[in-house]
Amino acid sequence: MKSENFKIKNRSSLKLAVMAFVLLFSGSIKGFCQNEEKTKSAFGVIERLVGSRASEFQLSLAEDKKSNTEWFEIQTENNLVKIKASTNTAICYAAYNFLRDIGAVLVSWEGNRMDLPKAWPKYSKKGETPFQYREYLNACTFGYTTPWWDWRRWEQEIDWMALHGINLPTAMEGQEAVWQELWKEYGLTSSQLESHFAGPAYLPWQRMGNINSLEGPLPQEWFVKKEELQKKILERMKALDMHPVVPAFSGYVPKAFAEKHPEAKITELKSWSGGGFASTFLLDSKDPLFKQIGKRFIEIYTKKYGKSNFYLADSFNEIEPPVSEHNKYEELSNYGSAVYETINEAAPGAVWVMQGWLFGDNKEFWTKEATSAFLSKVPNEKVMVQDYANDRYKVWENQEAFYGKQWTYGYVHNYGGSNPVYGDLNFYKEELASLLKNPKKGNIVGYGAMPEGLNNNSIVYEYIYDLPWTKAEQSLEDWLAKYLNARYGQTSPAVFQAWELLLKSVYNVKYWETRWWNDWAGAYLLFKRPTVKITEFKENPGDKEKLKEALDILSQEAKKYNKKNLIQYDLIDVSRHYYSLSIDEDLMACVKAYQQKDIAKGDQLFKKIEKQVLHIDAIMSGQPLNSLDQWVKSASDYGSSSEVSSLYVKNAKTLITLWGGEGHLNDYASRAWKGMYKGFYWPRWKMFLEALKKASADNSSFDENKERESIKNWEINWTEHK
């Protein structure tokens with residue numbers, strides 16, 4: 001009997017032990033799975049980068065939040081890369097930081113270089129940034145770069161963002177589906193909306209209230225396709241703990257709406273940017289319809305895309321507010337409070353985000369009194385000013401760091417997708433170091449870049465997005481050595497010397513001054529619509545002699561690398577930049593020679609320019625992204641019918657050439673691309689120079705206006721044919 005009782009007790013004890021073990025084991029598994037679930041978005045980014053080796057990364061999120069700071073800890077142990085961080089984005093940045101530090105990976109728009117070691121080296125690092133947010137993407141990027149992107153390309157960009165630690169991306173896709181539904185609710189017909197919406201490449205400027213209807217209509221398939229795309233974009237961004245900045249109502253209404261509501265206080269604004277554009281219509285902030293429309297927009301947007309915490313609304317982008325002189329400040333404060341209150345009532349707790357560009361662009365209007373009035377009725381934590389043009393304007397210093405409101409610091413760097421080789425790495429470093437020490441920096445919460453166009457000068461963005469984590473304390477030389485080792489796989493004293501020369505010749509230019517010269521737009525003089533005034537041009541920025549030294553070294557060193565190495569891409573960049581600058585000098589000399597009736601010298605320079613243009617166009621084959629054919633094909637492929645594809649192609653070609661309007665925007669978005677040198681820029685100058693030569697040879701006066709008008713007609717014809 002005792003024996004039987006003993007067996008039963010033992011069985012019970014064993015059973016309890018097994019159950020306890022199972023519970024303990026399943027509990028630990030459950031805990032691990034939960035953690036795995038929380039980091040699966042970061043794991044997905046790493047897996048898309050390094051494939052099956054992602055299984056060697058052990059990821060975890062901190063349970064306790066260290067206020068609003070972002071941080072990471074990383075170390076290797078038993079061939080595992082262990083990363084613990086505050087968010088999924090911080091995990092991704094840590095992983096990339098590690099892979100780049102050991103020279104295994106470099107991620108860029110033009111391609112990734114990867115050579116993973118068989119075993120992970122010993123490594124340990126901690127990182128933290130004082131900036132809660134790292135911002136990215138200008139509202140204009142959605143016209144100059146991304147209109148034809150599909151989900152695959154967006155996934156690639158979101159991965160790039162995560163790996164570079166970006167967590168405050170602008171997310172403007174898919175809003176036209178919301179506007180369409182909204183305006184139909186207010187009684188506008190399909191035909192009225194068809195005449196309202198701009199073409200796909202021009203939507204950013206319609207959203208900001210600058211234009212209407214330009215290069216439209218907008219095909220219905222666009223609304224559907226972009227709505228589905230935006231859902232995927234937002235889902236992925238949020239999964240990575242990013243805070244996408246989505247659109248809100250800033251007061252602009254269609255012309256048909258204004259006509260339908262004569263009782264509403266609506267102002268027809270002056271044509272934007274020098275004229276030639278259809279008027280836009282701004283609803284007064286005190287009109288009851290303002291809040292009604294704004295709240296309804298967010299309601300529809302939320303139903304389609306889910307809740308958001310950051311809403312972009314820009315009421316006066318490059319447009320002077322229609323306020324009275326005697327009551328200017330009160331009216332400005334009413335506009336600010338109306339935008340904020342509309343967002344707050346429709347999405348309680350959300351933050352109103354606004355671009356700070358207007359304060360630098362029109363500093364005569366936006367005095368301290370005007371800016372502080374505009375923001376005065378908004379709680380400090382409910383608005384965020386993105387002051388992103390610090391490579392051109394010093395707004396925050398002049399605006400007392402925005403009067404207690406949240407603000408972010410950054411750079412535009414790129415304008416219009418135009419792609420000369422430039423940037424100023426030392427400037428970015430020194431500026432950040434100075435900013436962090438400045439007691440008057442106010443409530444700064446973010447840092448980053450807001451380029452108008454992408455796919456150029458990768459080193460600039462690589463450096464800018466490391467700075468908030470290093471707090472500008474790492475020497476540029478040390479950073480460059482690691483960058484080059486990761487980009488090329490191996491370096492030499494000669495390669496490093498070439499890049500030191502590049503830092504002194506092209507990467508010491510914070511703003512490409514040539515873009516605007518005598519009101520003519522274009523990256524290089526070659527890219528501007530021809531004019532005899534070219535002879536008055538002083539000089540391009542940078543140091544051409546040092547650039548040539550760097551080019552000579554890279555030309556020799558690149559021979560030691562295989563054809564797919566990114567040094568070949570960089571060699572093409574440096575080459576086409578140097579020869580484009582040389583062409584500018586020769587163009588000035590050629591025009592001057594023909595004006596002085598030195599036909600022989602003019603002809604000699606003409607032939608030299610043509611040879612250089614064709615040479616650049618040929619070598620650009622090594623940069624597939626920098627291709628007119630690629631841009632046109634991506635636009636054409638985005639349409640589902642020949643009619644829609646033709647519209648998209650015309651948009652694509654017009655945006656990068658004529659742009660639109662009667663102002664000075666033509667060639668604003670000029671591109672150093674294969675097909676553009678040979679097929680667009682040189683034909684214009686060839687026509688011009690031949691006409692100038694003929695006038696000189698015939699001893700007759702040269703009618704520049706007539707020739708420029710003829711060239712413009714040629715441009716129009718060029719945009720209308722595939």
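**Close-up views of a predicted model**

View 1. Three bridges connect β11 to strand β12 (residues 281-283), and the two run antiparallel. Across this pairing, Glu268 stands opposite Phe281 in β12.

**View 2. The open sheet of β10, β12 and β11.** Three strands make up this open sheet, in the order β10-β12-β11, with antiparallel pairing. The edges are taken by β10 (252-253) and β11 (266-268); each has a single partner strand, so one side of each has no neighbour in the sheet.

**View 3. Packing of helices α21 and α22.** Two packed helices are described by the angle between their axes and the distance between the axes. Here helix α21 (residues 544-557) packs with helix α22 (residues 566-595) at an angle of about 145°, and their axes are 10 Å apart. The crossing of α21 and α22 is left-handed. On the α21 side, the contact is made by Lys544, Leu547, Lys548, Leu551, Leu554 and Ser555. Residues of α22 in the contact include Ile567, Leu571, Val574, His577, Tyr578 and Glu585. Sorted by class, the contact of α21 with α22 has nine nonpolar, four polar and three charged residues.

View 4. The relative accessible area of Tyr301 is 0%, and because buried means under 20%, Tyr301 is buried. Not counting residues up to four places away in sequence, Tyr301 touches Ala171, Glu173, Val178, Gln230, Leu234, Val246, Pro247, Gly306 and Ser308. Tyr133 is 168 residues from Tyr301 along the chain, and their C-alpha atoms are separated by 24 Å.

Note on methods:
Residues are numbered from 1 along each chain as its sequence is written. This is a predicted model: local features need pLDDT of at least 70, side-chain atom pairs count only at pLDDT 80 or more; totals for chains, interfaces and linings use all residues. Side-chain values use heavy atoms; hydrogens and water are left out. Axes are lines fitted to C-alpha atoms, for helices over the stretch in contact, and angles run from 0 to 180 degrees between N-to-C directions. Helices (H or I, at least four residues) and strands (E, at least two) are DSSP runs, numbered from the N terminus. A crossing is left-handed if the near helix is turned anticlockwise from the far one by less than a right angle, and right-handed if clockwise. Contact means heavy atoms within 4.5 Å. Ala, Val, Leu, Ile, Met, Phe, Trp, Tyr, Cys and Pro count as nonpolar, Asp, Glu, Lys and Arg as charged, and the others, Gly among them, as polar. Two strands pair if DSSP finds at least two bridges between them. Buried means under 20% relative accessible area, exposed over 50%, partly exposed in between (1.4 Å probe, protein chains only).
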